[in-house]
Amino acid sequence: MIGVIGRYITGLFMARFWGLLFGLTILVIILDLLSHGDEILAISDSLFSDSFRYIGLRTPEIASRLFPFAVLLATLTTLIGLVRTSEMAALLAAGVSQIRLMSAFVPSALLIALLQLCVEDQLLPLTSGELRAWGVGDYGLGTDQDEQGQTWLREGRDVVRIGLRDDSGRYQGITIFRRDDKGNLIERIDARSAVLLGENWHLEDIKWWQFETRELTTVERMEWQTELRPQTLALLSTHPRELSFRSLRRMVDTSGFGSRPRYMYDVWLQKRISRPAATVLMILMAIPLVQFFQNRMSGGWLPASGVALGFFYWIFDGLLLTIGEAGLMPPPLAAWTPIFVFTALALYLSIRWDASRATQKK
């Protein structure tokens, strides 16, 4: 019987999910387009075609953020429909527990979570890169670039400032601040440009300050010994949330250089997996909520409580993410604590509700 019930609930749930996801995505895209329409018009010749291009590039990011919310609302509306048609009462009378009811939603939620993972890990880095190259809205500059478009990073004990890359492959305006073991500045190297030839970087038109001896040396060309590569520089100038799982793993495993602390990349590496898991969690949160409010349907308590619970989860999740990015909490705890807390709460309420029903029958 549970197989038939599962297929029936899956059909209801998926229809509502896709409708909600489409509607919410369109609404957010329209608001986002209205917010950045002036910027698109300022840098484009055709507002109509470039608006559709902007919509296409922004849709993966917006949709990926709405996946959990759409799953929560789809679960709530599906269960509301079952309660209003007395199908929920029939299921409970037939001995279907909350755990078995949750299992009917899980296959669909896992497919949605897998789709979300693919969008965030493969599609989002591509579209974010296109938007950054286009320079629209929040993507006008790299996340580690200043107003002149220069990127700051750390390479060992050195702090490096790198300018933009021109058509010839040269990076304009390179400054290397060299420090000793105590962090004191001992040298500053200013180069007009830098180019990678083979395996070595070559600095051109250099001014070399040595602060211990107070000497200034002018050099026409010198080699720069570093493991930094243009591909890595592109990763360093991108926010971790826009990197793929493979790129995040590379940044975590690389301790020699970085534009951010290593733990920040580790936090987002954990989040890349935990965010799809949060989509499945929405079902575990919704079903006990329906059981608690099923006798108060007319007052609209259920939809309001579901939305409030969802926002509370995202506030709690965002708070721990911020704490993890600041290095005040281990990355696994920052990424997974909301999942474990709300999963434990949902399972506890489900088991307690089933136990109370069993007691009432006796």
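Biologist: Why are Arg-65 and Glu-61 said to meet in a salt bridge?

Modeller: Their side chains come to 2.9 Å, N to O. A salt bridge needs a side-chain nitrogen of Lys or Arg within 4 Å of a carboxyl oxygen of Asp or Glu, so this Arg–Glu pair qualifies at 2.9 Å. Bear in mind that this is a predicted model: local features need pLDDT of at least 70, side-chain atom pairs count only at pLDDT 80 or more, and totals for chains, interfaces and linings use all residues. Residues are numbered from 1 along each chain as its sequence is written, and side-chain values use heavy atoms, with hydrogens and water left out.

Biologist: How do you know where Arg-65 and Glu-61 sit along the helix?

Modeller: Both belong to helix α2 (residues 47–84), four residues apart, or about one turn. Helices (H or I, at least four residues) and strands (E, at least two) are DSSP runs, numbered from the N terminus.

Biologist: What makes Glu-61 buried but Arg-65 partly exposed?

Modeller: Buried means under 20% relative accessible area, exposed over 50%, and partly exposed in between (1.4 Å probe, protein chains only). Glu-61 has 10%, so it counts as buried. Arg-65 has 48%, so it lands in the partly exposed class.

Biologist: What does the salt bridge between Arg-275 and Glu-120 tie together?

Modeller: Those two side chains meet at 3.6 Å, N to O. Arg-275 is in helix α7 (residues 262–293) and Glu-120 in helix α4 (residues 98–134), so the pair ties together parts 155 residues apart in sequence. Glu-120 is buried at 1%, while Arg-275 is partly exposed at 22%.

Biologist: How do you know that Arg-192 and Asp-205 form a salt bridge?

Modeller: Their closest N and O atoms are 3.5 Å apart. The whole structure holds 13 salt bridges.

Biologist: What makes the stretch with Phe-22 and Leu-34 a nonpolar patch?

Modeller: Patches take residues with over 30% relative accessible area and no salt bridge; like charges are joined within 9 Å, and nonpolar side chains (Val, Leu, Ile, Met, Phe, Trp, Tyr) within 5 Å. The members are Phe-22, Ile-26, Leu-27, Val-28, Ile-30, Leu-31 and Leu-34, with about 700 Å² of accessible area together. Areas come from the Shrake-Rupley method with a 1.4 Å probe; for residues, only the protein chains shown count as cover. Take Leu-27, in helix α1: its 48% is over 30%, so it passes the area test.

Biologist: Which residues does Leu-12 touch, leaving out those up to four places away in sequence?

Modeller: Thr-78 and Leu-82; contact means heavy atoms within 4.5 Å. Leu-12 is in helix α1 (residues 2–43) and is partly exposed at 22%.

Biologist: What makes the phi of Arg-214 stand out?

Modeller: Most residues other than glycine have a negative phi. Arg-214 isn't a glycine, yet its phi is positive, about 55°. Arg-214 is in the loop between β5 and β6 (215–224), and at 80% it counts as exposed. Asp-205, also not a glycine, has a positive phi of about 55°.
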